[in-house]
Amino acid sequence: MARGRRSDYDLDAAPLDDSGGQAEVFRARHKATGLEVAMKRVRSELPDSLARMRREIDAARALEGHPHVMPVLDHDADAKWFVMPLARGNAAAFAAELAREDALRTLVAIVLAALRDAHAAGWVHRDVKPQNILLLSSGDWVLADWGM
């Protein structure tokens with residue numbers, strides 16, 4: 001699937017949520033497989049925006065295979081976009097379910113495991129917040145947005 005070609009994907013016309021900062025995320029479909037994914041792309045190609053996107057791609061690649069770090073499935077060589085699994089929502093959207101002590105304890109343990117392993121590999125997440133803790137369709141929680 002990963003060929004680094006934007007033309008491999010069909011994007012929805014509007015972003016999933018237009019409140020993002022330097023990037024926007026679109027629901028997309030991989031043309032060859034029909035797999036629904038999310039494509040994150042920079043809003044502008046200013047050096048700072050591209051560097052942030054590059055850090056996010058590099059962190060995901062360095063932590064590849066970690067069950068609680070958002071994987072990068074495909075990306076542009078110039079760090080203008082990358083593809084990740086499509087999330088069902090973020091921790092803020094699941095606040096009612098996470099109000100249960102056992103669910104919240106599990107989520108905190110998952111985030112701490114991701115941070116522990118990332119720190120051991122030399123990566124620091126500078127924007128841990130409910131919006132960056134995503135629930136995948138598999139039911140797994142992952143920590144995303146390593147670009148800051």
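Strand 7 and strand 8 (residues 141–143) pair antiparallel over three bridges. Strands are DSSP runs of E with at least two residues, numbered from the N terminus; two of them pair if DSSP finds at least two bridges between them. Ile133 has Leu143 of strand 8 as its bridge partner. Four residues lie between the strands in this hairpin, where Gly139 takes a positive phi near 95 degrees.

Strand 7 also runs antiparallel to strand 6 (residues 87–90), again with three bridges. Here Gly89 is bridged to Leu135 of strand 7. Both faces of strand 7 (residues 133–136) are covered. Ile133 and Leu135 are buried on one side, Leu134 and Leu136 on the other. Buried means under 20% relative accessible area, exposed over 50%, and partly exposed in between (1.4 Å probe, protein chains only).

## Basis of the model

This is a predicted model: local features need pLDDT of at least 70, side-chain atom pairs count only at pLDDT 80 or more, and totals for chains, interfaces and linings use all residues. Residues are numbered from 1 along each chain as its sequence is written, and side-chain values use heavy atoms, without hydrogens and water.

## Lys80

Lys80 sits in the loop between strand 4 (74–75) and strand 5 (81–85). Lys80 is partly exposed, at 29% relative accessible area. Beyond its neighbours within four places in sequence, Lys80 has contacts with Lys40, Arg41, Val42, Glu45, Leu50 and Met53. Contact means heavy atoms within 4.5 Å. The C-alpha atoms of Lys80 and Ala23 are 9.3 Å apart, across 57 residues of chain.
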